[in-house]
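This report walks through a protein model from its overall make-up to a few of its single residues. Please keep the sequence and the 3D view at hand while reading.

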Amino acid sequence: VSRQLKEEIRRGFARLEDPLAGLLAMLESSSDWKGKGHSLGYCITTELQLWIKEHPAVPQSGTKLKKLQARVLRLLSKCPANLLDPLISIYQLHTADRNSLLEHVSHLYLQGDYKEAAILSIKLKLQPDQDVEKMCTPLLLQDKVNLVEDYVGGYPELQSKLLQTLDTWCDPSFNIRDITRSYQGLSGYKPEKFNRRVLSKLVFRLLERFNMDPALCPNVINQRHLRTLKYLFYKRFVEKTMSEENWADHIQSTVGENRWLQEQLVQSLLRFCGARGAARWAQRCRVPPEMLPRAVAEELQKLHIQDRVEEVTKADNYEDSKKKDYYQLPIPRENTHFLQTWEEMLQCWEKVLQPGQVVGVDMEWKPSFGMVGKPRVALLQLALKDEVFLLDLPRLLEQAEAEGDKEKLPRFIHRLYSDAAITKLGYGLSGDLSSLAATCSALKDMEKQMRGVVDLLAVDKQKVDGLSPEHNHKERGVRQPEKGLSLLVHHVLGKPLDKTEQLSNWEKRPLREEQILYAASDAYCLLEIYERLCKDPESFGLGSDLTASLVGKQKKKPRAKKQLNKQAPSPSGQECQGPQTEPSPPAAPISPREFSVVCDNMLQGLGRYLRCLGVDVRLLDNRDDHRKAAEIARQEGRIILTSGLPYQTLRSQVGEGRCFSVNCSEKAKEQALQVLKHFNVRVSLTDIFSRCQ
């Protein structure tokens, strides 16, 4: 607003005998203020608000103010959102008769103006005197979840009532149509957004946001536990990728003494294990005998009490026979130390905090299976060349607090991560540090202070998964493809990690021997990967200056730069791509129709994007070997677009300049721009969608 207009508005206020009545008269007779944006009515209203602050004698009181308040209430339901606060302030609506305000909001609600009624209730703080279910139901039907969250924000009692209402709707026996029937013809109703699955997710979000007790929502919690049960049965009996002890730990902690879940457990056991197996597991999980079907109860009577339940399924016991297929910890078992006291920590402290030390760092926590809250680290693994230290974080934190020194552990971790003279190796450090901060609030800003950190996830960003050797594991059930750190270990060291203990209950003590070996291997393999990559970086598609580029200050979630002539840095500062040897882009531009490419299977998004721009694209399927790209390129005269390690293999199989390495840390659009610029491809409007049906 220009200074001249402001001055003119203020002179107008000064000439009016009653500026508040004058503003109302103007708004009531004008249609200008009803539009979006900063209309003249908005400018005048906000200037009056400021002017009143400078002239405290102006505001009205008594009967005259009540009449003005009654008039302004009629305007509020029609005015744009940016006028609500100024008008409420100018006409002191917070001092108005509460019954009148509630009656006005009720009138809006009955007219079907649910959103307006809720917004006005929030502005006037009327929620404690309203029915939360009545006010929020139509908003949820219209998918106005954010408004619902705002409506109950700041009112724990209303939050509890809302969560209990939502939980009632999630009861399998509840008919959701009973709710929707009352709002037939509701504008903006989105039935696809109003079902138990969506409502369940909303409940968990609200529980976390408002830090409420999950016990308020037994139906939602039970359904989530039931999904966890089904997942655990799948992992154990279909995939066969979870050990018996590990599985049993999770089953017991998931079911507990919940009668309904015990009933679901027995049904699943019958389906997967038969009556005898179900009886044994029911005994182990302390399922009350009266809940068991007759066949299971009869088997239970035949069983003698035993300390350890034998596995009764036909699942292959491959753990020992297939150890040779997996990465093995190369140091003696006695060199792995489980530390639970600060006296034991001294030996770790002295060895780890040595200048020039290289430390593999990993963390474990109990899987949440979608429940509320961030995971808390239960085990911190620190691997050195000759030994591994497993730190029992909950016990160490508890002991430090008992000794009156809560900062003992944060001090140690800060010293480790901030010392540039110590090289710390990790995989997916951002997630680990987030969990560490949830475990110990004193560590929440540590990411900004890190020095000498290497995140080997940067190597995985290059999609080394395409080069994983094929192994026949049919005897293990539905074999899942290697991924993450296991895949990186597979490619660099020749064998994958055995992940059967990955989803363990890491909070349970004592840890099983399998858990200890798994945890130690997870940290130690980082040392071996780093050593191998440093010795021969080029064979893995990395720059020869690997050590210099890997070790550096950890940056927090850097954005990929959009410089098309450079490779963007990875999250740890490492260059994601190998050396680029392609020739300079051709001098003469070409059209997309003259440009033919074959996209490797990690670049399907890029391939689809280029096809939309008119480029002739062949896409490799997920199951295709990368070498197929070279075969297609030679037969059809195409350029290969690939990334990371496959680039080193493929570029030697085609002519110079016929294989291009794309930066995998960028999105498809940025990748496409990179390719088009390199090959000097000029896209016109007629090219766009020219190849799309």
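To speak of the angle between two helices, one needs a line for each of them: an axis here is a line fitted to C-alpha atoms, for helices over the stretch in contact, and the angle, from 0 to 180 degrees, is taken between the N-to-C directions. The model described here is a predicted one.

**Overall make-up**

The protein has 29 helices and 10 strands, and buried residues make up 49% of its 693 residues. Lys 64 belongs to helix 4, which spans residues 62-76, and with a relative accessibility of 45% Lys 64 counts as partly exposed.

**Two pairs of helices**

At what angle do the axes of helix 18 and helix 19 cross? Helix 18 (residues 342-352) and helix 19 (residues 393-402) have axes that come within 11 Å and cross at roughly 115°. Angles of 65 to 115 degrees count as roughly perpendicular, and therefore helix 18 and helix 19 are roughly perpendicular to each other. On the side of helix 18 the contact is made by Trp 342, Glu 343 and Met 345, and on the side of helix 19 by Leu 396, Gln 399 and Ala 400. Sorted by class, this contact of helix 18 with helix 19 has four nonpolar residues, one polar residue and one charged residue.

The axes of helix 13 (residues 218-239) and helix 15 (residues 259-284) also come within 11 Å, but they cross at roughly 20°. Helix 13 and helix 15 are therefore roughly parallel to each other, and helix 13 passes helix 15 in a right-handed crossing. The residues that meet here include Leu 226, Leu 229 and Phe 233 in helix 13, and Leu 265, Leu 269 and Phe 272 in helix 15. By class, the contact of helix 13 with helix 15 has 11 nonpolar and five polar residues, and no charged residues.

**Cysteines**

How many disulfides does a search of the whole structure find? The search finds zero disulfides. In the case of Cys 217, the closest cysteine sulfur is that of Cys 170, and the distance of 8.3 Å is too far for a bond. Cys 217 counts as buried because its relative accessibility is 0%, and Cys 43, at 9%, counts as buried too.

**Backbone details**

Most residues other than glycine have a negative phi, and most peptide bonds are trans.

| Residue | Phi | Relative accessibility |
|---|---|---|
| Gln 92 | about 50° | 26% |
| Phe 689 | near 65° | 54% |

Gln 92 lies in the loop between helix 5 (81-90) and helix 6 (98-110), and it counts as partly exposed. Phe 689 is found in the segment after helix 29 (668-678), and Phe 689 counts as exposed.

The peptide bond that joins Arg 509 and Pro 510 is cis, with an omega of about 0°. Pro 510 lies in the loop between helix 23 (484-493) and helix 24 (513-535).

Terms used:
Residues are numbered from 1 along each chain as its sequence is written. This is a predicted model: local features need pLDDT of at least 70, side-chain atom pairs count only at pLDDT 80 or more; totals for chains, interfaces and linings use all residues. Side-chain values use heavy atoms; hydrogens and water are left out. Helices (H or I, at least four residues) and strands (E, at least two) are DSSP runs, numbered from the N terminus. Angles under 35 degrees count as roughly parallel, over 145 as roughly antiparallel, 65 to 115 as roughly perpendicular and the rest as oblique. Contact means heavy atoms within 4.5 Å. Ala, Val, Leu, Ile, Met, Phe, Trp, Tyr, Cys and Pro count as nonpolar, Asp, Glu, Lys and Arg as charged, and the others, Gly among them, as polar. A disulfide is a pair of cysteine sulfur atoms within 2.5 Å. Buried means under 20% relative accessible area, exposed over 50%, partly exposed in between (1.4 Å probe, protein chains only). A crossing is left-handed if the near helix is turned anticlockwise from the far one by less than a right angle, and right-handed if clockwise.
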